[in-house]
Amino acid sequence: VGKLEELKNEKGEERDTVGHIKSLLQKGWIPESIAAHIMGTRHTAYLDDIRVARKVVSVSLDIEPTLRNPEKRTDAEKLVEQAYEKVMEEYFDGEEIDVAKLFRILESNPTTEVMRLKEEWQKQKIVSIEMKSDEELKEITKGWKLEEHCPLPNCLFKGKDPAKENDQDAIFIRKIPPFDPKTLAGKTLHEKKMIRDSLKNSLHDPVMYRAKGKLHEGDHFHLSTGNLDGLERGGDRLKLANISRQHLLVSETMAQLEESRWEIRFYTDVHYQVAHRLGENLALFYRNQNDQHYFGKKK
């Protein structure tokens, strides 16, 4: 019945979510009224939740200028790549890729959301962000039943346990294996360059996943504490313990939209383009992706 309702509601509905929201804003609608108007429709992936609606409005308004004029991303992407190159130079000198270095990549194009999370981690210390080894992540996720859909995540959020004294909300990031500069000893300049270039290429996506993943997990943190900001302020906290299917889809869709806020403006709009080719918007694309990921039948 739910799917039939979704299909029925699609008829005649404005399909370009970003354009639709921008159009309503230009007609004098305020963001909160737009959120209430689109809640539970195709624009929010049929998730009848005001928090999702506010996220869709907030992210859409931020990414619209870049989607309208993709050239805006060209210089921004160069800054991202320059930051990555610098991190890799330090990596080849034997330094680990740590939380601060991942923030430097995001700060190549600083946003309110990036700086807020950094402030909460570094100065306010209301959330811990730590690099963890594979063994440590396996211990942390023991009993989480992640094996079916995500054997070992690159990033994850763990809410504080009220039963444990001094426990803290935490974002854990999977460590990048360290590089030992001694492995280059005795190599020719050409061989050293080949090794470095190969590693830079192979580690590019894993490093970017971890950098952007902080924003994803940061959104879980803000949603679980009710500490939402900007156009999203006022939403109720969502308890992640024993989470229902509906609320898991709400949480994951919101987190991926938050990740896209930075990604589309400064790095790539690949998810938006794939969603567009499928006839979907970002929220619908992410909801369907997560529905299959977490609840689809496994072979």
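Q: Which residues does Pro-31 touch, not counting residues up to four places away in sequence?
A: In this predicted model, Pro-31 touches Leu-25, Val-57 and Leu-231. Pro-31 itself belongs to helix H3, which spans residues 31-38.

Q: Why does Pro-31 count as partly exposed?
A: The relative accessibility of Pro-31 is 24%. Buried requires under 20% and exposed requires over 50%, with partly exposed in between. The value of 24% therefore makes Pro-31 partly exposed.

Q: How far apart are Pro-31 and Leu-61 in sequence and in space?
A: Pro-31 and Leu-61 are separated by 30 residues in sequence, and their C-alpha atoms lie 9.3 Å apart.

Q: Why does Glu-64 count as buried?
A: Glu-64 is located in helix H4, residues 50-68. Its relative accessibility is 10%, and buried means under 20%. Glu-64 therefore counts as buried. Apart from its neighbours within four places in sequence, Glu-64 is in contact with Val-18 and Lys-22.

Q: What makes Ser-251 buried, and which residues does Ser-251 touch?
A: Ser-251, in helix H10, has a relative accessible area of 3%. The limit for buried is under 20%, so Ser-251 is buried. Not counting residues up to four places away in sequence, Ser-251 touches His-220, Leu-223, Leu-240 and Ile-243.

Q: Which residues have the most contacts inside the largest nonpolar core, and which elements give two or more residues to this core?
A: The largest nonpolar core has 36 residues, and those with the most contacts inside it are Tyr-91, Ile-97, Phe-103, Ile-105, Ile-129, Val-207 and Trp-262. Two or more residues are given to this core by helices H5 (72-92), H6 (99-106), H7 (112-122), H9 (189-225) and H10 (245-266), and by strands E1 (128-132), E2 (155-158) and E3 (170-174). H5 supplies the largest share, eight residues.

Q: In what sense does each pair of strands run, and how many bridges join them?
A: E1 and E3 pair in the parallel sense over five bridges, whereas E2 and E3 run antiparallel and are joined by four bridges. In E3, Phe-172 is the bridge partner of Glu-130. Ile-171, also in E3, is the bridge partner of Phe-157, and Ala-170 of E3 stands opposite Lys-158.

Q: Why is E3 described as largely enclosed by the rest of the structure?
A: Four of the five residues of E3 are buried, so the strand is largely enclosed by the rest of the structure.

Q: What makes H6 roughly antiparallel to H7?
A: The axes of H6 and H7 come within 10 Å and cross at roughly 160°. Angles over 145 degrees count as roughly antiparallel, so H6 is roughly antiparallel to H7. The contact is made by Val-99, Ala-100, Phe-103 and Leu-106 of H6 with Val-114, Leu-117, Lys-118 and Trp-121 of H7. The crossing of H6 and H7 is left-handed.

Q: Why are H6 and H9 called roughly perpendicular to each other?
A: H6 and H9 pack at an angle of about 85°, with their axes 9 Å apart. The range of 65 to 115 degrees counts as roughly perpendicular, and H6 and H9 are therefore roughly perpendicular to each other. On the H6 side the contact is made by Val-99, Leu-102, Phe-103, Ile-105 and Leu-106. On the H9 side the contact residues are Val-207, Met-208, Arg-210, Ala-211, Lys-212, Lys-214 and Leu-215.

Conventions:
Residues numbered from 1 in each chain as written. Predicted model: local features only at pLDDT ≥ 70, side-chain atom pairs only at ≥ 80, totals over all residues. Heavy atoms only, no water. Core = buried A, V, L, I, M, F, W, Y, C linked by side-chain atoms within 4.5 Å. Buried < 20%, exposed > 50% of the residue type's maximum accessible area, 1.4 Å probe, protein only. Pairing = 2+ DSSP bridges. Axes fitted to C-alpha atoms, helices over the stretch in contact; angles between N-to-C directions. Parallel < 35°, antiparallel > 145°, perpendicular 65-115°, else oblique. Left-handed = near helix turned anticlockwise from the far one by under 90°. Contact = heavy atoms within 4.5 Å.
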